Structures are given as C-alpha cells and as structure tokens.
Amino acid sequence: SWAGAPEIEGEGGWSFKPRGRLNIDAGSFNAPDSTGREDGFNSEIRRARLGVEGDIPGGFGYKFEIDVAGNEVEVTDAILTYEDGPLTVNVGQHNTFQSLEELTSSRWSSFIERAAFTDAFGFERRLGVSVELEPSDTVLIQGGLFSDNIGDLPGKAMSADGRVVFMPEFGENQLHLGASVHYTDVPEGDTVRYRQRPLVHFTGERFINTGNMPAASEFGAGVETAFISGPFHAVAEGFWQSSNLVSGMEDANFFGGYAEAGLFLTSGDSRGYRGGTFNRTRPANPVDEGGMGAFQLNLRYDFLDLTDTGAGIVGGTQNGYMASLVWVPTDYTRFLINYGRLDYNDAVHAAAGGDRDYSVDVLGMRAQIDF
Amino acid sequence: SWAGAPEIEGEGGWSFKPRGRLNIDAGSFNAPDSTGREDGFNSEIRRARLGVEGDIPGGFGYKFEIDVAGNEVEVTDAILTYEDGPLTVNVGQHNTFQSLEELTSSRWSSFIERAAFTDAFGFERRLGVSVELEPSDTVLIQGGLFSDNIGDLPGKAMSADGRVVFMPEFGENQLHLGASVHYTDVPEGDTVRYRQRPLVHFTGERFINTGNMPAASEFGAGVETAFISGPFHAVAEGFWQSSNLVSGMEDANFFGGYAEAGLFLTSGDSRGYRGGTFNRTRPANPVDEGGMGAFQLNLRYDFLDLTDTGAGIVGGTQNGYMASLVWVPTDYTRFLINYGRLDYNDAVHAAAGGDRDYSVDVLGMRAQIDF
Amino acid sequence: SWAGAPEIEGEGGWSFKPRGRLNIDAGSFNAPDSTGREDGFNSEIRRARLGVEGDIPGGFGYKFEIDVAGNEVEVTDAILTYEDGPLTVNVGQHNTFQSLEELTSSRWSSFIERAAFTDAFGFERRLGVSVELEPSDTVLIQGGLFSDNIGDLPGKAMSADGRVVFMPEFGENQLHLGASVHYTDVPEGDTVRYRQRPLVHFTGERFINTGNMPAASEFGAGVETAFISGPFHAVAEGFWQSSNLVSGMEDANFFGGYAEAGLFLTSGDSRGYRGGTFNRTRPANPVDEGGMGAFQLNLRYDFLDLTDTGAGIVGGTQNGYMASLVWVPTDYTRFLINYGRLDYNDAVHAAAGGDRDYSVDVLGMRAQIDF
C-alpha cells in the first residue's frame with residue numbers, strides 16, 4: 001500500500017515504511033527599530049526529516065526519525081513499541097504527553113508554529129518508557145516516566161507525565177476533551193528558562209523570556225478542548241506551569257493558552273482527527289483529480305504570561321492575534337501563509353524611552369511535503 | 001523499475017526512490033618543502049550521501065539528500081518541485097544555475113574534483129525559488145531567487161541567478177552552448193573570499209587565496225561550450241567574477257576557466273548528456289555482461305586568476321595541467337585516477353627565498369558507487 | 001525476501017535493503033562515594049543506526065550506515081565491495097580485523113558492552129582497503145591496509161591488520177580458533193591512550209586509564225577461541241598491546257582478555273555463528289508463533305591490565321565478574337539485563353585515604369530492534 005511512500009508488507013505481520021517531511025519556510029517580522037533587534041526577511045529549512053517505521057511479528061514495532069534542518073542532526077522519535085489489544089508500550093525517545101497542540105504532528109498544525117506555551121514551557125521528546133491504553137474508542141489514557149532529551153543525556157533529569165482524553169463522536173461531530181499533568185525533577189545546579197519566539201522560527205529573537213531560574217522541580221497541568229463539525233473546527237487549551245525555585249519562598253507560576261477557530265472554504269473538506277490528536281486533511285477534490293485542493297482559513301488568539309511578580313519574575317506577556325490560510329492541494333502537500341500581531345507587555349528588549357509594551361508584526365509562509 | 005536502487009511506483013503517479021553515493025578517495029600531493037605545507041599521502045570519504053526522491057500525484061515531487069562525509073551532516077538537496085509540461089518550479093535548497101561543470105553531478109565528472117573556479121567563486125546550493133523552462137528539446141532557460149545555504153541561515157544574503165542553454169543534436173553529435181549570470185547581495189559587514197585547493201579535496205591547503213575582502217555584492221557571468229561525438233567529448237568554460245569591494249575605488253575582477261577533451265578507449269562508449277548537463281555513462285560492454293566496462297582518458301587545462309592588481313588583490317594564479325583515466329565497470333560503479341601539475345604564480349605560501357612561483361604535483365584516486 | 005526490512009531484488013543480480021538498529025539503554029552504577037565520581041541511574045540511546053546495503057551486477061556491492069545516537073552523526077560502514085568466488089575486496093571505512101568480540105555485531109553480543117580490551121585498545125572502523133579469502137568452508141584469511149577513522153581524517157596514521165580463522169564443524173558443534181596481528185604507525189607528535197568505562201556506556205567515567213602517551217607505533221596480537229554446542233557456548237580471547245613510546249627505553253606492554261560461557265534456558269535455541277563471527281540467534285519458539293522466545297544466561301570474567309611498571313605506566317587493572325540474561329522474543333527484537341562487579345587495582349580516581357583498590361557495581365539494561 002501507499003502512504004506518501006510505499007508501505008511494504010511481508011508475511012506474518014512484517015511491515016516497513018520510509019517516512020520524512022520537508023518544511024521550507026520564509027517570511028518577515030517587524031519589531032520597533034528602537035529595540036535594536038534584527039528583523040526583516042528571512043528563510044530556513046524548518047524541518048528536514050528522514051526515517052523509517054515498521055511492524056515486527058509478535059506485536060512489536062519501531063519508529064526512528066532524524067531531523068537535519070540547519071545541518072545539525074537531531075533524533076526525533078527513536079522507539080520500540082509493543083501493542084497488545086488496547087495497550088501500547090513505548091520504550092525510547094518520544095513525545096511526553098503534553099497537549100493537543102504539541103502532540104498533533106507539525107504536519108497538520110493550523111499555523112506554521114505551535115501555540116506559544118508549548119515551546120515556552122519546554123515540551124520536547126524525552127527518553128523513557130510509557131504506556132497508552134484505549135479501553136474504548138472514546139477514551140485514551142497515557143502515562144510515562146522519562147529521563148531527558150537524548151541531546152541532554154547522560155544527565156539526571158527525571159520526569160513523569162500523564163494524560164487522559166475523552167473523544168466521543170456525535171454523528172459527524174468530533175468532540176475532544178483532555179487533561180494532562182507533568183512533573184520534572186530538575187537536577188541540582190540546573191536552571192529552567194521559559195521564553196518564546198514571535199510565531200516564526202527563522203529568527204532567534206525572543207521578546208518574552210524569564211531568563212535562567214535555578215529550580216528544583218517543575219509541575220505543569222493542562223486542559224484541552226476541541227470540536228470538529230464538517231468544515232469547521234474550534235480548539236482551546238490552557239496550561240499552568242509552576243516552578244519550584246531554589247531561592248524562592250514560593251513557586252513561580254506561569255500560564256499559556258490559546259483559542260482557535262478554522263473553516264474550510266472548499267466543500268467537503270474537514271480537519272482530520274484520530275486517537276487523541278488532529279490528523280491529516282485529505283482534500284475532497286485534490287488537484288491530481290482535477291480539483292483545486294482544500295483551502296482553510298484559521299484565526300487564533302495566543303496568550304502567554306511569563307510574569308509572576310509575586311515570585312519576582314518579569315518575563316513578559318504576549319497577546320497574539322493570528323490568521324492563517326492553508327492550501328492542501330493533495331493529501332501529502334501543503335502550503336501555509338500566516339500573519340500574526342504580537343502585543344507584548346514587559347518585553348525583555350526595551351524600545352525607545354525604555355518602553356517595554358509594544359507590538360511585533362510577523363508574516364510567515366511554508367511549503368511542505370511529507371511521506 | 002531499477003535505477004541503482006529500486007524505483008517503487010504506486011497508482012496515480014506516485015513514485016519513491018532511495019538515492020545515495022559513496023566517493024572513497026586517496027592520493028598524494030607534493031609541494032616544495034620550503035613552503036612548510038604538509039603534503040604526502042592522504043585519504044577521505046569525499047561524499048557519503050543518502051536520500052530519497054519521489055513523485056506525488058498532481059505534478060508535485062521532492063528530492064531530499066544529506067551528506068555525512070567526515071561525520072558532519074550537510075543537507076544537499078531539499079526541494080519540493082512542481083512540473084507542468086515544459087515548466088518546473090523548485091522550492092527549497094538546490095543548486096543555483098552556475099556552470100555546466102558545477103551543475104553536472106559529481107557522479108559524472110571527468111576528474112575527481114571540478115574545475116578550480118567552481119569552488120573558488122563559492123558556487124553552492126542555496127535556499128530559494130527557481131523556475132526552469134524547456135520550450136523545446138534544444139532550449140533550456142533557468143532562473144531563481146535565493147537566500148543562502150541553510151548552513152549559513154538565518155542570514156541576510158540574497159542572490160539571483162539566470163542561465164540559458166542551447167543544446168541541439170546534429171545526428172549523433174551533441175552540442176552545448178550556455179551562458180549564466182549571477183548577482184549576490186552581501187550582507188553589511190560580511191566578506192567574500194576566493195581560494196582553491198590543488199585538485200584534491202583531502203588536503204585543506206590552498207596555494208591561491210584572495211583572503212577575506214569586505215564586499216557589498218558580487219556579480220558573475222559564465223559561458224559554456226561542449227561537444228560530444230561518439231567516444232569523443234570536448235568542453236570549455238569561462239567565468240568572470242566581479243566583487244564590489246566596500247573599500248575599493250573600483251570592482252575587483254577575477255577569472256577562471258578550463259578546456260577539456262576526453263576519449264573513450266573502449267568501443268561503443270560515449271559520455272552521457274541530458275537536459276543541459278553531462279549525465280551517466282552506461283558502458284556498452286559492462287563487466288556484468290562479460291565485458292571490461294568503459295575506459296576513458298581525459299586531458300584538462302584549468303586556469304584560475306585570483307589576482308587583480310588594479311584593486312590591490314594578489315591572490316595568485318593557477319595554470320593546471322591534468323590527466324585522468326576513468327574506468328566505468330558498470331552503470332553504477334566508477335573508478336578514477338588523476339594526475340595534476342599546478343603551476344602557481346604569486347602563491348600565498350612563499351617557498352625558499354620568498355619564491356611564490358612554483359609547482360605542486362597531485363595524484364588522486366576515487367572508488368565510487370551510486371544508486 | 002524479508003530480513004527485518006524488505007530485501008528488494010532486481011533483475012541481473014541487483015539487490016537493495018535498508019538497515020538499522022536501535023539500542024535503548026538504562027541502568028545504574030555505584031562507585032565508592034569518596035572517589036567523587038558521579039554515579040547512579042542514567043540512560044541513553046546507545047546506537048541509532050540507519051543505512052542501506054546492496055548488490056550491483058558484476059560482483060560489486062556496498063554497505064553504508066550512519067549512527068546518530070546522542071545527536072551526533074558518525075559514519076559506521078561506508079564500503080564498496082567486490083566479490084569473486086572465495087575472494088572479497090573491501091574499499092572504504094570498515095572494521096579492521098581485531099577480535100571475535102569486536103567483529104561480532106553489537107546486535108549479537110552477550111553483554112550490553114563488549115569485553116574491556118576492545119574499547120581500551122582503540123579498535124574502530126578505519127578507511128582502507130582489505131581482502132578476505134575463504135579458501136574453504138573452514139578457513140578465513142583477512143588482511144588490510146588502513147589510514148584512520150574518517151572522523152580523524154585527513155591525517156597521517158597508517159595501520160595494517162591481519163587475521164586468520166579456523167572454524168570447523170564437528171557434527172552439531174562449531175569450533176572457532178583465530179589469531180590476529182595489528183600494526184599502527186602513529187603520526188609524529190600524536191599520543192595513544194588506553195582506558196575503559198565500567199561495562200556500561202552511559203557514563204563517561206573511566207576508572208582505569210593510562211593517560212596520553214607519546215608513541216611512535218602500536219603493535220597488537222590476539223588469540224580467539226570459541227565453541228558452540230547446542231544451547232551452550234564458551235568463548236575466550238586474549239590480546240597483547242605493545243606501544244612503542246617515544247620517550248621510553250622499551251615498549252609499554254598491556255594485556256586484556258575474557259572468558260565467557262552461556263546457556264540457553266529455552267529448548268532448541270543456540271547461538272548463531274557464520275563466517276568467523278557470532279551471528280543472529282533465531283528463537284526456536286518466537287512469541288509471534290505463540291512461544292516465549294529464547295532466554296539465555298551468560299557469565300563472563302573480563303580482565304584488563306593497563307599497568308606496565310617497567311615502562312613507568314600505572315593505568316590500573318580490572319578484574320570484572322559479569323552475568324547477563326538475554327531475552328530474544330523474535331529474530332529481530334532483543335532485551336538484555338547485565339550485572340557487573342568490577343574490581344579495580346591502581347584505579348586512577350583515589351577513594352578515601354588514597355585507596356586505589358576498590359570495586360564498582362554496575363547494572364545495565366537494553367531494549368533492541370534491528371532490521
């Protein structure tokens with residue numbers, strides 16, 4: 001069978017499939033000149049991934065992928081899996097169970113970058129062991145014990161994650177309700193830092209940033225809600241991050257969240273969903289069948305508060321207003337254009353007169369294939 | 001079908017093919033001892049590439065390859081393509097449209113390294129958008145807008161390239177006439193540097209070198225001419241590089257070019273050509289069919305002038321005399337042996353008595369497979 | 001056909017197969033607190049390899065694989081091969097011909113790490129040319145000339161290796177007798193250093209270590225003996241390393257070796273062997289056929305002496321006592337758990353009171369798939 005690339009099957013339950021994706025980005029951002037930040041046009045290969053996945057008779061499987069964007073190699077997924085009915089066990093480096101936005105593949109995101117809190121709070125793949133249970137079609141329970149991202153190993157960080165999802169279908173309508181909790185034990189002497197770029201990745205500038213904070217542990221909790229009805233979808237999440245600072249009298253608390261609504265302008269199209277995350281959109285009328293593909297318009301409000309004055313941390317606040325137009329000519333090709341206006345308060349780079357409340361405008365484009 | 005590796009095809013126009021190449025080099029070079037340069041035997045994996053290419057229904061396609069020679073990862077091609085009749089659009093990192101020698105794959109080059117000017121003037125793959133048009137079988141028009149190689153991104157360099165090729169066939173004879181122009185906008189504060197190794201890549205020594213020159217922009221223009229007739233081929237190119245120096249009263253001008261002739265010693269063999277570049281040689285009598293493969297003898301004169309006394313730049317001049325013997329046992333295996341004598345004037349490393357006019361002798365060998 | 005991944009075959013003798021492996025390790029080690037060494041739990045992706053191998057009509061072939069564990073890329077094998085009857089010629093980076101333990105793939109090792117001497121004496125893949133001859137089913141002769149690992153090239157190191165193996169079968173019993181010799185010419189100004197971790201790789205601590213020694217050359221010689229009889233196997237090796245020190249009056253001499261015995265607890269299982277090395281174990285009753293896979297218990301004594309008082313080198317001595325339990329649920333999946341007690345004398349890190357004779361305890365686990 002074919003799924004972007006050939007999925008080769010052998011007797012007894014063997015399978016093998018190459019996987020990969022290319023994200024080619026360009027765009028521009030504009031910050032107040034007086035901040036002295038470099039802005040303007042830029043471009044990058046955002047993701048260049050190549051890997052394999054397969055099934056091994058006996059219930060085993062694997063997924064192994066590397067990203068080489070920017071001429072640096074980074075292992076993304078490297079897992080051995082075991083499935084037995086509703087149960088899946090994962091061993092290796094994989095996503096911890098953080099949020100719908102983070103767990104939805106970058107291949108299906110509504111905007112070229114994810115909601116600000118997912119990067120800011122350091123969601124990443126980690127080496128560990130996890131269990132996923134789907135006792136019915138509508139319930140998913142996930143939990144895992146993790147050390148660290150392999151780029152930071154060997155090391156002493158340990159974390160635990162849990163997530164539950166309720167995902168009933170009402171006729172043609174898909175509902176998603178989820179919640180997750182996270183605990184990270186920060187090794188003695190290490191720090192945590194929460195910060196975020198302005199929507200696009202091709203700049204290294206961050207206008208909100210807590211700076212390094214000596215911490216003993218982190219605790220996070222998130223709620224997820226989403227709804228898909230034909231061409232329409234809506235999604236909202238909130239995430240509370242609490243850092244047990246070494247020096248502090250009390251924990252430092254931060255919050256991020258977003259609300260998004262999207263509509264396909266082309267008839268018959270709908271956002272894909274499967275197993276607790278959004279999934280591939282397959283255009284009803286792709287260009288290879290004489291159609292024009294699927295066009296989708298999305299609006300998002302993206303909030304991130306990295307300030308906790310009680311704990312003496314002023315990292316800044318983002319109110320982001322964003323719109324995207326997504327064109328999906330065929331199942332495995334995708335083009336996105338984004339506009340974002342990011343209103344910052346207490347930004348870390350002062351503008352003229354010491355002003356730390358200002359806006360940054362951002363335009364981003366992406367061309368994508370995956371297989 | 002099979003093309004070194006399996007080319008797997010799916011319904012509706014899907015295809016998928018792994019790609020790769022190994023270049024295993026060894027050799028020796030000999031410079032005057034008094035220059036104090038390290039010479040003698042050396043070896044390396046010159047190229048170790050692995051990638052994929054494929055077609056997606058609707059006219060889309062992709063090519064994605066990495067090079068890991070020397071235990072460093074480098075993305076070579078990473079493009080999404082769209083074809084519609086005579087028109088091809090490329091988005092991503094790919095070759096700019098520089099010269100016949102540069103655009104001909106390293107898998108088909110007559111010598112183990114390309115003509116000196118192609119490296120010296122910094123031809124490389126860059127991230128950008130380009131269009132290729134073949135209005136007829138004999139005309140090719142290429143043009144693109146590029147930022148920089150992804151190893152140098154994010155960054156502000158911008159460039160534009162154009163190339164036209166006229167490639168008529170007269171009976172069994174192939175003619176190639178081409179011309180290209182190039183403009184690079186160098187970011188403020190950056191420099192350009194033109195330099196070149198002595199034919200082999202496994203040494204880091206360069207005997208001609210302009211050093212870093214603060215520049216505002218570069219303009220280049222090249223002419224290409226080639227001819228294939230049965231076992232014989234001849235090719236010559238010239239390239240003028242002009243650098244708008246920040247400090248200079250006038251532009252600094254440099255020139256490189258080469259003339260080459262080759263002859264297959266085995267009957268029935270000819271150099272491959274397709275779409276504006278040389279292509280794979282398929283031996284008439286490969287060893288897997290009981291033959292001895294194809295043997296080809298090549299001679300080259302390779303000139304590079306990195307001196308512009310008017311602009312105050314004395315980078316040195318190379319007059320290179322080279323011979324190569326190429327053995328092609330089968331379509332996808334290749335062995336080369338090269339000899340080169342490089343006469344330098346105004347070399348950057350002085351020999352005894354301050355002498356900067358001397359010769360370097362070079363021997364290089366390569367074993368190659370590709371798929 | 002299928003061998004973990006599909007082996008695709010084309011007309012005329014073409015073949016192509018993806019290859020790869022994942023080793024996911026975790027464990028703990030415990031050293032005396034007074035040494036001040038960081039110990040405790042740790043984890044890593046030990047190997048994450050992806051590559052290809054293939055045959056080209058005419059007797060040619062290739063093998064090309066990279067390892068990306070730890071987000072660093074490292075070329076393992078990158079060779080072009082030529083086979084003609086009993087003769088194989090290899091060109092490129094590949095294993096030199098060091099020892100049964102080193103030449104046996106990490107996929108089939110009895111413990112998660114190899115015997116101490118193989119790492120200590122710097123066995124590694126190198127770029128070179130080698131010849132392998134199998135004049136009969138029971139004799140293997142190997143020899144090669146090498147430069148260096150490509151991560152260290154360009155460079156001037158040169159080495160030569162030779163190995164002979166006698167491997168008769170007596171009924172169901174496999175005997176293995178081997179011997180190898182090695183010579184490395186160390187470039188002027190370079191040093192050699194012999195050291196080793198305590199059985200597990202996820203720590204960077206070494207308790208025995210000669211430190212850097214200016215050397216002109218190295219000479220090594222090893223003997224190998226192994227025996228497989230049904231569920232039982234035994235193996236022992238010894239290796240003498242002699243370093244011609246620049247400063248020394250005489251050579252510094254070091255020795256390492258191990259003896260190991262293993263037994264399959266499940267009926268019908270036996271350790272694989274082919275062509276002069278151990279090979280894949282294929283469980284008689286794999287889990288995908290309703291069995292429980294193969295269980296194997298191994299014991300090893302692992303000795304390494306990095307001290308030569310005559311030459312003034314006190315690197316320390318290891319007496320290692322190790323046990324492992326290996327579970328092989330299917331041909332291409334494997335789980336190992338190891339315990340090791342390493343008794344050190346003259347360790348490089350002093351414990352309380354300047355004591356350099358102490359023990360380190362180690363526990364290691366691995367989950368593995370390969371294809």
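Colleague: Before the interfaces, what counts as contact here?

Modeller: Contact means heavy atoms within 4.5 Å. This is a predicted model, where local features need pLDDT of at least 70, side-chain atom pairs count only at pLDDT 80 or more, and totals for chains, interfaces and linings use all residues. Residues are numbered from 1 along each chain as its sequence is written, chains are lettered from A and ligands numbered from 1 in the order in which they are written, and side-chain values use heavy atoms, with hydrogens and water left out.

Colleague: Ok. Which surfaces do chain B and chain A meet through, different ones or the same?

Modeller: Different ones, because only 9% of the interface residues of chain B are also interface residues in chain A. The contact takes 35 residues from chain B and 37 residues from chain A.

Colleague: How much area do they bury?

Modeller: About 2,800 Å² between chain B and chain A, with 79% of it on carbon and sulfur atoms. Buried area is the accessible area (1.4 Å probe) that two parts lose on being put together, summed over both.

Colleague: Which residues of chain B lose the most area to chain A?

Modeller: Trp14(B), Phe64(B) and Lys156(B), together 21% of what that side buries.

Colleague: Switching to chain C. What rotation superposes chain B on it?

Modeller: 120 degrees, with 0.0 Å of shift along the axis and an RMSD of 0.0 Å. The two copies are thus related as by a three-fold rotation axis. The superposition is by least squares on the C-alpha atoms of residues with pLDDT of at least 70 in both.

Colleague: Which residue of chain B comes closest to that axis?

Modeller: Val73(B), at 3.8 Å (C-alpha).

Colleague: And how many residues touch?

Modeller: 37 residues of chain B are in contact with 35 of chain C. The count of salt bridges between chain B and chain C is zero.

Technical notes. A salt bridge is a side-chain nitrogen of Lys or Arg within 4 Å of a carboxyl oxygen of Asp or Glu.
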